[in-house]
Amino acid sequence: MDAVAAVTGEARELIRRRNLDPGTDPAGMRRLVEDLVADYDERSLSGTLAPVLDTGTTVKQVLDAVVGFGELQPYLDDPEVEEVWINEPGKVFVARRGVSELTTTILTDTAVRDLVERMLRSSGRRVDLSSPFVDATLPDGSRLHVVIPDITRRHWAVKTAHH
């Protein structure tokens, strides 16, 4: 297991045990993750854990996983990316400066559902069999559109459009 995955697991467990809401205190979450990364880095010196290659990058990736939108967060943070969409878990696309491109990001069905759940949390909206499509606004003002089977044939379809 790499350092990011290990610290992400530790962060999620600590958030659960302390009953914290990652969305309400971004500065507190950053401190918590920075402390966890520093502690993990110290423990990794023994050689039994995978090393932290870059502290700043590790903190960002863990924050993206526990506070942000995981593997999609770098695209959402990129000012040149206008849209992100998923037609199936193995195919994540972005539109950058009006040009569509297939990314190297590969998700699982479960990861897509977990991301959608986190994305919808702040909106109070939901998507399920009784409401198989939803439009919502993300905290940064971006639009989110999700459609699930049986409206789609097989996979959840997700699209974000930046403001």
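Begin by selecting residues 143–147, which make up strand 5, together with residues 157–161, which make up strand 6: the two pair in the antiparallel sense over five bridges. Strands here (E, at least two residues) and helices (H or I, at least four) are DSSP runs numbered from the N terminus, and two strands pair if DSSP finds at least two bridges between them. Within this pair, Val147 has Ala157 of strand 6 as its bridge partner.

Before moving on, note that this is a predicted model, in which local features need pLDDT of at least 70 and side-chain atom pairs count only at pLDDT 80 or more, while totals for chains, interfaces and linings use all residues. Residues are numbered from 1 along each chain as its sequence is written, and side-chain values use heavy atoms, with hydrogens and water left out.

**The loop at His155.** Next, select His155 in the loop between strand 5 and strand 6. Is this residue buried or exposed? His155 has a relative accessible area of 17% and is therefore buried, a term that means under 20%, with exposed over 50% and partly exposed in between (1.4 Å probe, protein chains only). Show the side chain of Asp109 as well, since a polar contact of 3.4 Å joins it to the side chain of His155; such a contact is a pair of N or O atoms within 3.5 Å, where within protein one must be able to donate a hydrogen and the other to accept it, and residues adjacent in sequence count only if both atoms are side-chain atoms. Leaving out residues up to four places away in sequence, His155 touches Asn87, Glu88, Pro89, Asp109, Val147 and Pro149, where contact means heavy atoms within 4.5 Å.

Now turn to strand 1 and strand 2, which form a hairpin with two residues between them and pair in the antiparallel sense over six bridges. Val84 finds its bridge partner in Val94 of strand 2, and five of the six residues of strand 2 are buried. Strand 2 also runs antiparallel to strand 3, to which four bridges join it, and Arg96 stands opposite Val99 in strand 3. In the hairpin of these two strands, which has two residues between them, look for Arg97, which takes a positive phi near 55 degrees.

**The nonpolar core.** Finally, display Leu72, Val84, Leu107, Val116, Val127 and Val146, which touch the most other members of the largest nonpolar core, a set of 25 residues. Such a core consists of buried Ala, Val, Leu, Ile, Met, Phe, Trp, Tyr and Cys residues joined through side-chain atoms within 4.5 Å. Helix 5 gives the most to this core, with six residues. Centre the view on Val116, which touches Val127, Val146, Trp156 and Val158, not counting residues up to four places away in sequence. Apart from this core lies another, of 18 residues, including Ile15, Tyr40, Val52 and Leu63.
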